[in-house]
Amino acid sequence: RIFIAIILGISSLGIYQGILKDYQKNRIIAFINPDESSEGIGFNVNQARIAIGSGQIWGKGFGNGTQSKRDFLPEHQTDFIFASFAEEFGLIGSLFLLFLYSVILIRGLVISIDNLEDSFLSMILIGIVMKILLEIFVNIGTNTGLIPATGIPLPLVSAGGTITVVTLFALGVIQSIINRSNSKKSSNIIDNY
């Protein structure tokens, strides 16, 4: 076990030194010690945390977020949209947004369980649910400082055409599978009579 740990440590050092670019190294440094460089590489995440905290319970109201409107929070319309949302709508609004996401995700998983007889459709549904879940986790994790900063937007909330089109397409596939399974169920009921 110690030998494996040494090999992994040496290989990760080699990756860090040889493969990663400077901005990627800076993100890792900012993730490990964000307070050390509040004006430098950890500025974005620190401002996101300030924005989330300043929203408190009820938020400042739609369009009244000081961190995002005064450009203290960079990329507040895409990468740090959750921090901007939490500042304007507070803890209650953030929990409501997470509740809406959980409804979509749980509904997708329930439909995949209902379609277990068709493993291909079930796997498509699980893939779509995992895609949306990963995007939510990465965006919110970046905004709260749980993971290093990345450029993953929040589905159906962030400004940007590609993520919205892809997410709506994925939800359309889920709806198509729902319609297909409902038509199968109705035809089975008719056949039984």
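Which residues does Ile111 touch, not counting residues up to four places away in sequence? In this predicted model, the partners are Leu125, Ile174, Ile177 and Ile178.

The largest nonpolar core holds 19 residues. Within this core, Leu97, Ile111, Ile136, Leu154 and Ile174 touch the most other members. Helices α5, α6 and α7 (161-192) each give two or more residues to the core.

Now take helix α6, which runs over residues 119-144. Its 26 residues should span 38 Å, at 1.5 Å a residue. The end C-alpha atoms are 37 Å apart, which agrees. Gly145 follows α6, with a positive phi near 85 degrees.

Next, the surface. Ile57, Trp58, Leu91, Ile92, Leu95 and Leu98 make a nonpolar patch of about 600 Å². Leu98 sits in helix α5 (residues 81-114). Its relative accessibility is 35%, so Leu98 counts as partly exposed; the buried class would need under 20%.

Leaving out residues up to four places away in sequence, Lys60 touches Ser54, Gly55, Gly65, Thr66, Glu87 and Glu88. Lys60 and Phe89 are 29 residues apart in sequence. In space, their C-alpha atoms are 6.4 Å apart.

Conventions:
Residues numbered from 1 in each chain as written. Predicted model: local features only at pLDDT ≥ 70, side-chain atom pairs only at ≥ 80, totals over all residues. Heavy atoms only, no water. Helix = DSSP H or I, 4+ residues; strand = E, 2+ residues; numbered from the N terminus. Expected span 1.5 Å × (residues − 1). Patch = residues over 30% accessible without salt bridge, like charges linked within 9 Å, V, L, I, M, F, W, Y side chains within 5 Å. Areas by Shrake-Rupley, 256 points an atom, 1.4 Å probe, with all protein chains shown as cover. Salt bridge = Lys/Arg side-chain N within 4 Å of Asp/Glu carboxyl O. Buried < 20%, exposed > 50% of the residue type's maximum accessible area, 1.4 Å probe, protein only. Contact = heavy atoms within 4.5 Å. Core = buried A, V, L, I, M, F, W, Y, C linked by side-chain atoms within 4.5 Å.
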